[in-house]
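Take a moment with the chain below.

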Amino acid sequence: MVETTTGDRPARTVQEAVEQLRAALGGAGIVLPSLRIDPVSGAHGDPYALVDLGRCNLVVASRVAAALRRAGGEA
C-alpha cells in the first residue's frame, strides 16, 4: 500500500490520488463513503485508472458544492 501523502504534490498513483482526495475532503468535513479506485479500470494496474467518487446523499452533495464555492472564492 502507498503511504498517504500531504502537500500539494500531484499523486503518482491512483491509490495515492484517492488517499489525497479522501484527506482533503475530510479536512472540509466531507466523507464520500464510496470513494475508491474504479474496480474495472483499476483491475489491471492501469496507470490511468479512474477514481470512483461513488454516490452520496443530498447533505453531502451540498457540502461538496459549498466547499468548491469557497475554494473558488464565491460566497
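How many residues does α2 have, and how far does α2 reach from its first C-alpha to its last? The helix α2 has 14 residues and reaches 20 Å. That is close to the 20 Å expected at 1.5 Å a residue. The expected span of a helix is 1.5 Å times one less than its number of residues.

A word on the source. This is a predicted model, in which local features need pLDDT of at least 70, side-chain atom pairs count only at pLDDT 80 or more, and totals for chains, interfaces and linings use all residues. Residues are numbered from 1 along each chain as its sequence is written, and side-chain values use heavy atoms, with hydrogens and water left out.

Now the overall plan. The protein chain holds two helices and two strands. Their order from the N terminus is α-β-β-α. Helices (H or I, at least four residues) and strands (E, at least two) are DSSP runs, numbered from the N terminus.

How confident is the predictor? Its score is pLDDT, the confidence in each residue from 0 to 100. The protein chain averages 86, and 88% of the residues score at least 70. Residues 1-5 fall below 50. Beyond near neighbours in sequence, this stretch has 10 contacts in the model. A contact means heavy atoms within 4.5 Å.

Turn to α1. Its 14 residues should span 20 Å at 1.5 Å a residue, and its end C-alpha atoms are 20 Å apart, so the two agree. Several residues of α1 are buried, among them Val14, Val18 and Leu25. Buried means under 20% relative accessible area, exposed means over 50%, and partly exposed lies in between (1.4 Å probe, protein chains only). The cover over the buried residues of α1 includes β1 and β2. Just after α1, glycine 29 takes a positive phi of about 75°.

Which residues make up the largest nonpolar core? There are seven: Val18, Leu25, Ile30, Leu32, Leu35, Val60 and Ala67. The elements that give two or more residues to this core are α1 (14-27) and α2 (58-71). A nonpolar core is a set of buried Ala, Val, Leu, Ile, Met, Phe, Trp, Tyr and Cys residues joined through side-chain atoms within 4.5 Å. Leucine 25 touches Ile30, Leu32 and Leu35, leaving aside neighbours within four places in sequence. Across the whole chain of 75 residues, 20% count as buried.

Next, the strands. Valine 51 sits in strand β2 (residues 51-52). Valine 51 counts as partly exposed because its relative accessibility is 33%. Valine 18 lies 33 residues away along the chain, yet the two C-alpha atoms are separated by 6.8 Å. Leaving aside neighbours within four places in sequence, valine 51 is in contact with Val14, Val18, Leu21, Leu35 and Arg36.

Between β1 and β2 runs a loop, where glycine 42 is found. Is glycine 42 buried, partly exposed or exposed? Glycine 42 counts as partly exposed, because its relative accessibility is 27%. Not counting residues up to four places away in sequence, glycine 42 touches Ile37 and Ala49.

Asparagine 57 caps the N-terminal end: a side-chain oxygen lies 3.1 Å from the backbone nitrogen of valine 59. Just after α2, glycine 73 takes a positive phi of about 85°.

Notes:
pLDDT = per-residue confidence, 0-100. Polar contact = N/O pair within 3.5 Å; in protein donor to acceptor, adjacent residues only side chain to side chain.
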